[in-house]
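Student: I have a model to go through with you. Can we work from the coordinates, one question at a time?

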Amino acid sequence: MENKKSFKSIGKAFIAAVTVSAVILSCVSCSLKDPASTDKGNEVNTGDVFDEFAFAPPLEEIGEDYTLEDAENDGCVIMKDGDISAGQDIWQDFYDKSLKGEKSGVRYVHYHDLDINRVAYEHYEKIKDDYPVMYVFDLIYDGSEYRVRYIENGEEEEKSFKYLMRYEGEFPAGITYKTYLRYVLTNDDTIVWQDIENSMYSSDLEKSRLYSQVMQVYIDVE
C-alpha cells in the first residue's frame with residue numbers, strides 16, 4: 001500500500017512547464033460522470049466542455065486519503081517518478097481522438113517519491129516528510145484547443161493551448177535511458193524538443209521564456 005500523499009501547491013513555474021525529472025502531480029478517481037446527466041437529475045448539460053467530461057470526484061473534492069494505488073485502480077494515466085507506469089492505452093485513445101478533431105478528455109497523474117540517493121542528506125532530512133506527493137490535471141480537447149484544469153492554492157485554475165506536440169528520440173550516450181517519448185502542450189507548433197530542453201537550463205532570459213510557455217504532460221522513457 002502506498003503512503004498517503006501530501007497535497008502541494010502546483011506553483012507558477014510548475015504550471016508553466018513540467019520538467020523532465022521533477023514532474024510531481026496529484027491524482028483522483030478517473031471515472032467519468034455520464035455526460036448526459038447533472039447533479040440535478042437527467043437534465044442534459046450543454047455548458048462547458050469540462051462538464052461534458054466531468055471526472056468523479058470533482059477536483060475540489062479530492063481527499064488527502066487518496067493514494068497512488070487508488071488512482072491505479074481507478075484507471076488514471078499515471079507517470080511515476082518521471083515515467084509512464086499505467087494508462088498508456090487510455091492516453092493513446094485520447095491522443096488519437098484529438099488528432100481526428102473529436103472531443104475527448106483524460107485525467108492524468110504524475111507521482112513523485114523522494115530518493116535518498118539523489119538528494120543531499122541535509123536537504124533530504126528537511127523535506128522527507130513532505131513525500132510522496134501527487135498532483136492532478138484534467139485535460140480536455142474541445143475540438144479546437146486543449147484545456148487543462150487543476151487546483152492551485154485551493155482555487156480552480158485553467159490553461160489553454162493550441163497544440164499537443166509529440167516528441168520522440170534518443171538520449172545521448174552515457175544516459176541510463178535510451179529513448180524518450182514526450183507529449184507537450186504548446187501554442188507554437190514549430191518548436192522542437194531540443195528547444196524546450198535548452199530553455200530549461202538557459203540563463204538567458206529570452207531563451208528561458210519558452211520553458212515557461214509549455215507544459216509537458218506525458219513522459220515515457222526506456
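Student: Leaving aside its neighbours within four places in sequence, which residues is arginine 147 in contact with?
Tutor: First, the ground rules: this is a predicted model, where local features need pLDDT of at least 70, side-chain atom pairs count only at pLDDT 80 or more, and totals for chains, interfaces and linings use all residues. Residues are numbered from 1 along each chain as its sequence is written, and side-chain values use heavy atoms, with hydrogens and water left out. Contact means heavy atoms within 4.5 Å. With neighbours within four places set aside, the partners of arginine 147 are Asp48, Val49, Phe50, Asp138, Leu139, Ile140, Asp142, Glu158, Lys159 and Ser160.

Student: Which side chain meets arginine 147 in a salt bridge at 2.7 Å, N to O?
Tutor: Side chains of opposite charge can pair when their charged atoms come close. The criterion for a salt bridge is a side-chain nitrogen of Lys or Arg within 4 Å of a carboxyl oxygen of Asp or Glu. At 2.7 Å, N to O, the partner of arginine 147 is aspartate 48.

Student: How many residues apart are arginine 147 and aspartate 48?
Tutor: Elements here are DSSP runs numbered from the N terminus: helices are H or I with at least four residues, strands E with at least two. Arginine 147 sits in strand 7 (residues 146-152), and aspartate 48 in the loop between strand 1 (31-32) and helix 2 (49-52). The pair links distant parts of the chain, and the separation is 99 residues.

Student: How many salt bridges does the structure hold?
Tutor: Another example is lysine 128 with glutamate 125, at 3.0 Å, N to O. Lysine 128 has a relative accessible area of 32%, so that residue is partly exposed. The structure's total is 12.

Student: Now the core. Which residues touch the most other members of the largest nonpolar core?
Tutor: A nonpolar core is a set of buried Ala, Val, Leu, Ile, Met, Phe, Trp, Tyr and Cys residues joined through side-chain atoms within 4.5 Å. The largest has 35 residues. Beyond four places in sequence, tryptophan 91 is in contact with Val77, Val106, Tyr108, Leu139, Leu164, Tyr183, Val217 and Tyr218. The residues touching the most other members are Trp91 and Tyr108.

Student: How many residues are in the second, separate core?
Tutor: Its members include Leu68, Ala86, Val109 and Met134. The count is 9 residues.

Student: What distance does helix 4 reach from its first C-alpha to its last?
Tutor: Helix 4 covers residues 88-99, with 12 residues. Expected span is 1.5 Å times one less than the number of residues. That expectation is 16 Å for helix 4, close to the reach in the model, 17 Å.

Student: What arc do the buried residues of helix 4 cover around the axis?
Tutor: The buried residues of helix 4 are Trp91, Phe94, Tyr95 and Ser98. They lie on the same side of helix 4 because their arc, taken from the directions from the helix axis to the C-beta atoms, is only 95°.

Student: Last one. Which side chains does arginine 166 join through polar contacts of 2.9 Å and 3.1 Å?
Tutor: Arginine 166 lies in strand 9 (residues 163-170) and is partly exposed at 38% relative accessibility. A polar contact is a pair of N or O atoms within 3.5 Å; within protein, one must be able to donate a hydrogen and the other to accept it, and residues adjacent in sequence count only if both atoms are side-chain atoms. The 2.9 Å contact is with glutamate 168, and the 3.1 Å contact is with tyrosine 183.

Key: Buried < 20%, exposed > 50% of the residue type's maximum accessible area, 1.4 Å probe, protein only.
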